[in-house]
Amino acid sequence: MNKYGVLTTGEELANTDAELYETIKDPGTYRLKLDFRTWYSRGYTYGLIAHFSDEDGNKYRLFAFRHMVDGQEIYNPKKSKIAFEKVEDGTIWDCVVDNNKKGKAEWMDAIPVA
């Protein structure tokens with residue numbers, strides 16, 4: 001685990017139920033609690049997987065990819081300036097999912113819920 005609480009090793013991931021989290025496929029705004037975060041890499045694509053749950057116990061994963069924002073590389077939903085590698089687990093978010101140009105659901109924004 002790094003200093004921000006992101007799980008960084010296979011052993012840490014094995015101690016979670018990450019395989020139960022599903023990708024959101026329908027556009028909408030979802031009120032979700034951040035359970036934990038893990039790193040993602042495939043080829044030259046790097047990202048962060050944010051694992052969330054809703055009040056009904058449904059489990060979701062959303063991908064925050066690396067973007068340049070205000071001169072810094074951060075992992076964020078596409079339209080957000082929030083560095084999700086630095087947020088606290090257990091926080092509540094309104095997560096906005098919309099279809100991208102290819103018609104696939106993509107995490108576009110996250111608004112913290114007070």
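This is a predicted model: local features need pLDDT of at least 70, side-chain atom pairs count only at pLDDT 80 or more; totals for chains, interfaces and linings use all residues.
**The largest pocket**

The largest pocket holds about 330 Å³ of space. Its lining is made up of 19 residues, and those closest to the pocket centre are Phe 63, Phe 65, Asn 100, Ala 105 and Glu 106. Two elements, strand E4 (59-69) and strand E7 (105-112), each give two or more residues to this lining. Strand E4 gives the most, with six residues. By residue class, the lining of the largest pocket comprises 10 nonpolar, four polar and five charged residues.

**Aromatic pairs**

The model contains 10 aromatic pairs. Two of them are set out below.

| Pair | Centre to centre | Angle between planes | Class |
|---|---|---|---|
| Phe 63 and Phe 65 | 6.1 Å | 10 degrees | stacked |
| Phe 84 and Trp 93 | 4.8 Å | 50 degrees | tilted |

The pair of Phe 63 and Phe 65 involves two residues that are also among those closest to the centre of the largest pocket. Phe 63 has a relative accessibility of 24% and therefore counts as partly exposed. Phe 65 falls in the partly exposed class as well, because its relative accessibility is 29%. The planes of Phe 84 and Trp 93 stand at 50 degrees, so this pair is classed as tilted. Phe 84 and Trp 93 are both buried. These two residues also belong to one aromatic cluster, together with Phe 52 and Trp 107.

Which strand contains Ser 53? The residue lies in strand E3, which covers residues 45-53. Is Ser 53 buried or exposed? Its relative accessible area is 11%, and Ser 53 is therefore buried, the limit for that class being under 20%.

When residues up to four places away in sequence are not counted, Ser 53 touches Leu 32, Lys 33, Asp 35, Asn 58 and Lys 59. One of these residues, Asp 35, also makes a polar contact with Ser 53 through the side chains, at 3.1 Å. Lys 102 is placed 49 residues from Ser 53 along the chain, and a separation of 26 Å lies between the C-alpha atoms of the two residues.

**Summary of the picture**

The 19 lining residues of the largest pocket include Phe 63 and Phe 65, which form a stacked aromatic pair. Phe 84 and Trp 93, by contrast, form a tilted pair and are both buried. Ser 53 in strand E3 is likewise buried and is joined to Asp 35 by a polar contact between side chains.

Note on methods:
Residues are numbered from 1 along each chain as its sequence is written. Side-chain values use heavy atoms; hydrogens and water are left out. On a 1 Å grid over the protein atoms alone, a cavity is a set of points where a 1.4 Å probe fits but cannot get out, and a pocket is an open set with protein on both sides within 12 Å along at least five of seven lines; lining residues have an atom within 4 Å of a point. Grid points are joined across faces, edges and corners, and a volume is the space filled by probe spheres set on the points. Helices (H or I, at least four residues) and strands (E, at least two) are DSSP runs, numbered from the N terminus. Ala, Val, Leu, Ile, Met, Phe, Trp, Tyr, Cys and Pro count as nonpolar, Asp, Glu, Lys and Arg as charged, and the others, Gly among them, as polar. Rings of Phe, Tyr and Trp (its six-membered ring) pair if their centres lie within 6.5 Å; planes under 30 degrees apart count as stacked, over 60 as edge-to-face and the rest as tilted. Buried means under 20% relative accessible area, exposed over 50%, partly exposed in between (1.4 Å probe, protein chains only). Contact means heavy atoms within 4.5 Å. A polar contact is a pair of N or O atoms within 3.5 Å; within protein, one must be able to donate a hydrogen and the other to accept it, and residues adjacent in sequence count only if both atoms are side-chain atoms.
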